[in-house]
Amino acid sequence: MCARFEQNIGPAECHQLLLTLGLTMVVPSPRAPTVLPTDQAIVFSRERIFQASFGLQRVGRPMLINARSESMHERPTFRRLLDRGRALVPMNGFYESGPAGIVLFSPSATTPLIFAAGLVDYSLQSFVILTRDADEFVAPIHDRMPALVRPSNALSWLVDGVLQYDAIALDTTTLPTSERKNRQLKTATNAQCDEPGPLFEQGRLE
């Protein structure tokens with residue numbers, strides 16, 4: 001899962017990202033680096049770069065912050081976003097919580113940023129991050145992680161909808177106890193990490 005991530009990206013970094021991804025767009029204004037559910041973050045679609053809220057708000061239901069990439073085609077909420085809502089979320093790192101505590105996974109020195117695949121709901125101007133089974137770097141801490149995409153494969157996801165699970169070397173930093181408590185309080189929101197299977201409501205399938 002991914003319930004919090006770092007995105008310390010200003011106008012200069014945005015311009016460089018656009019060059020890397022082969023896109024031409026208007027750069028949004030800077031924002032706070034640490035992104036929690038309901039916070040604004042910079043997101044790339046195949047057509048533009050913009051700010052959207054982290055997490056899909058649903059009336060009378062928990063907010064969704066992640067979507068399992070393996071089953072996104074089967075979930076009504078995510079399936080409807082797969083045509084025009086494919087996106088990339090640039091990150092300076094992401095957090096995972098496990099038995100040993102909370103760990104920040106950040107790109108190695110040779111990779112300044114990482115990109116997570118996401119889905120945007122334009123009607124809500126919000127997004128979820130796609131997840132996958134953890135790789136060798138994240139597995140000791142948590143069994144899930146963001147579905148990371150290399151810049152060279154960005155257009156495969158954004159344009160063609162082909163998501164490749166790229167192995168990307170990550171550095172780890174264990175957060176101090178005080179930061180763990182702070183993080184747990186901040187992310188204690190009414191959120192869940194994936195939509196459950198289709199439910200019958202009032203005699204119809206969602």
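This is a predicted model: local features need pLDDT of at least 70, side-chain atom pairs count only at pLDDT 80 or more; totals for chains, interfaces and linings use all residues.
Local features require pLDDT of at least 70 and side-chain atom pairs count only at pLDDT 80 or more, while totals for chains, interfaces and linings use all residues. Residues are numbered from 1 along each chain as its sequence is written, and side-chain values use heavy atoms, with hydrogens and water left out.

Four aromatic pairs are present in the structure. Rings of Phe, Tyr and Trp (its six-membered ring) were paired if their centres lie within 6.5 Å; planes under 30 degrees apart count as stacked, over 60 as edge-to-face and the rest as tilted. Phe5 and Phe54 pair edge-to-face, with 5.4 Å between centres and 70 degrees between planes. This pair links distant parts of the chain. Phe5 belongs to strand β1 (residues 5-6) and Phe54 to strand β4 (residues 49-54), 49 residues apart. Strands (E, at least two residues) are DSSP runs, numbered from the N terminus.

Phe54 also pairs with Phe127. Here the rings are stacked, at 5.4 Å centre to centre and 20 degrees between the planes. Phe127 lies in strand β12 (residues 126-133) and Phe54 in strand β4, so this contact ties together parts 73 residues apart in sequence. Phe5, Phe54 and Phe127 form one aromatic cluster.

Phe5 is buried at 0%. Phe54 is buried at 0%. Phe127 is buried at 1%.

A charge over a ring requires NZ of Lys or CZ of Arg within 6 Å of the ring centre and within 35 degrees of the ring normal. Arg48 lies over the face of Phe50, 4.3 Å from the ring centre.

Terms used:
Helices (H or I, at least four residues) and strands (E, at least two) are DSSP runs, numbered from the N terminus. Buried means under 20% relative accessible area, exposed over 50%, partly exposed in between (1.4 Å probe, protein chains only).
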